[in-house]
Amino acid sequence: RRERTINLGAGPSSLPTPVLLEAAQGIVDFGGSGMGLTELSHRSATFQRVLSAAEADLRSLLAVPDDYAVLFMQGGGTEQFSATALNLLAAHAVAHPDYVAQHPAGPPCDYAVSGSWTAKAMSEAKRLGANARAVFDARKLPGADGRFGAIPPVAEWQLSAAEEKPAMLYYCDNETVDGVEYASPGFPIAELPQAYRESVPLVADCSSNILSRPIDVAAHAIVFFGAQKNVGPAGVTVVIVRRSLIAEHPDKGVAHGGPRIPTTLVYKQHADNGSLYNTPPMFAIYASGLVFADLLRNRGGVTGAASRADMKSGAVYDVIASSNGLFQPTVRQADVRSRMNICFRVCGADGAPSEARETAFVARCKEAGIEQVKGHRSVGGIRTSLYNAVTPEQTLVLVDVMKAFVKEMQEQK
Ligand code: PMP
């Protein structure tokens with residue numbers, strides 16, 4: 001049945017079948033040892049090899065520079081909403097010991113609010129006492145009507161002044177719920193004012209598009225992603241962080257108004273211990289490592305994934321564009337429509353979204369073996385997620401179902 005099912009879920013989502021079969025074997029009997037991988041000590045030489053291989057392959061895939069640590073953490077993307085702010089505020093307090101005494105609100109933390117996940121990250125930073133500011137909130141743009149679906153040009157962003165020494169600029173490269181992704185090649189780093197770009201740590205949430213196109217890690221302070229879309233099972237969150245930012249223990253900043261951070265959220269703690277400060281999520285790391293190896297050795301690495309992502313999403317957006325208004329993208333600005341999460345409404349003859357037609361469309365998908373295409377409850381409509389593990393052939397099945405649906409609706413009129 002697995003061979004016939006096309007899983008377009010937004011996450012957790014499809015993973016490559018050969019990887020899952022290998023992982024299934026490995027948790028029963030790893031390498032003929034008579035013990036499953038998750039039954040071994042996390043400090044065993046065997047697990048250490050698995051962890052090191054996963055890290056090495058990820059470093060190759062993303063060309064991670066040596067002065068960046070790669071941390072395998074838990075707590076999901078959501079925990080990083082807290083951890084990014086806390087660690088960078090701590091680093092800021094160590095680097096600028098008099099700052100908080102002179103500016104009691106603390107350094108600004110800038111957020112580019114392009115969708116629901118950045119909005120959540122920013123609320124969490126506020127809740128933790130950070131001086132969080134939206135450089136834009138896409139829901140408040142003219143014509144937005146309270147919905148995400150566009151990204152204004154950098155010239156219109158309300159960035160904090162570089163002289164205010166912001167602790168970070170945070171963005172989400174692909175907003176999973178809303179289907180908004182920075183246009184390729186990615187976040188417009190080069191368009192930031194020079195003084196700002198050179199001094200403000202840049203943080204990227206790449207949970208739902210990592211490994212689908214190259215990213216300039218060296219231009220970031222932190223790149224993080226939960227595994228459960230393009231990478232592996234839920235349970236591991238990868239944090240790539242510039243070592244110089246976490247060189248000092250954050251407790252040093254407490255005397256200067258910096259936050260006190262729970263131990264498991266302290267990047268330095270994980271970096272100093274090679275991600276083995278406490279028991280890591282062994283299965284998720286193992287399976288993610290298999291995905292890294294497969295992408296690197298069998299699937300052309302990140303550039304291979306990028307060309308497949310362009311081709312797959314392009315084919316679906318083409319049907320949408322030629323559907324005479326039957327399918328309408330929920331993202332208004334065409335160049336920020338996601339390659340990963342394609343969100344659209346199915347509309348009636350009057351051009352308005354029709355839930356009846358959406359129900360019929362979901363049913364046609366099911367008949368063709370396509371599962372998990374209902375949109376997020378906050379957006380409605382349809383969301384087809386074309387993560388790395390979704391093949392071009394599977395995407396063509398979706399394209400055919402969409403084309404047939406256009407015909408069916410035309411005949412109904
Ligand atoms: N960021 C993005 C872009 C997401 O899609 C998600 C949800 N998967 C999160 C953060 C939160 O992740 P988690 O559920 O792992 O906490």
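I count two residues as in contact if their C-beta atoms, placed from the backbone, lie within 7 Å. I call a residue buried if 20 or more other C-beta atoms lie within 10 Å of its own, exposed if 12 or fewer, and partly exposed in between, again with C-beta atoms placed from the backbone. This is a predicted model, so I note that local features need pLDDT of at least 70, side-chain atom pairs count only at pLDDT 80 or more, and totals for chains, interfaces and linings use all residues. Residues are numbered from 1 along each chain as its sequence is written. Helices (H or I, at least four residues) and strands (E, at least two) are DSSP runs, numbered from the N terminus.

**Entry: Ser354**

I looked up Ser354 and found it in the loop between β12 and α11 (355–367). Leaving out residues up to four places away in sequence, Ser354 touches Val346, Cys347 and Gly348. Ser354 is partly exposed, with 18 other C-beta atoms within 10 Å. I also checked Gly381, 27 residues along the chain from Ser354; their C-alpha atoms are separated by 8.7 Å.

Strands count as paired if DSSP finds at least two bridges between them. I traced an open sheet of 3 strands in the order β11-β12-β14, with antiparallel pairing. β11 (327–329) and β14 (382–385) are at the edges with a single partner strand each, so one side of each has no neighbour in the sheet. The twist averages 40° from one strand to the next, with axes as lines fitted to C-alpha atoms and angles running from 0 to 180 degrees between N-to-C directions. β11 joins β12 (residues 341–346) over 3 antiparallel bridges. There, Phe327 stands opposite Val346.

**Entry: β5 and its neighbours**

I then turned to β5 (residues 168–172). How many of the residues of β5 are buried? I found 5 of 5. Met168, Tyr170 and Cys172 lie on one side, Leu169 and Tyr171 on the other. In a regular strand the side chains alternate between the two faces of the sheet.

β3 pairs with β5 in the parallel sense over 3 bridges. Cys109 has Met168 as its bridge partner. β5 also runs parallel to β8, joined by 4 bridges. Leu169 stands opposite Leu202, and Tyr171 has Ala204 as its bridge partner.

β8 (residues 202–205) is covered on both faces, with Leu202 and Ala204 buried on one side and Val203 and Asp205 on the other. β8 goes on to pair with β9 (residues 222–226) through 3 parallel bridges. Ala204 is bridged to Val223 there.

**Entry: helix α5**

I checked the length of α5 (residues 116–127): its 12 residues should span 16 Å at 1.5 Å a residue, and the end C-alpha atoms are 16 Å apart, which agrees. The expected span is 1.5 Å times one less than the number of residues. Among the buried residues of α5 are Trp117, Ala121 and Glu124. The buried residues pack against α3, β3 (108–113), β4 (131–137), β5, β6 (174–175) and β8. Just after α5, Gly129 takes a positive phi of about 95°.

**Entry: the ligand shell**

I listed the residues surrounding the ligand; including Gly11, Trp117, Cys172, Asp205 and Gly226. I use near for a C-beta atom, placed from the backbone, within 6 Å. Which helix gives the largest share of the shell? Helix α3 (residues 76–95) does, with 3 residues. By class I have 2 nonpolar, 8 polar and 1 charged. Here Ala, Val, Leu, Ile, Met, Phe, Trp, Tyr, Cys and Pro count as nonpolar, Asp, Glu, Lys and Arg as charged, and the others, Gly among them, as polar.
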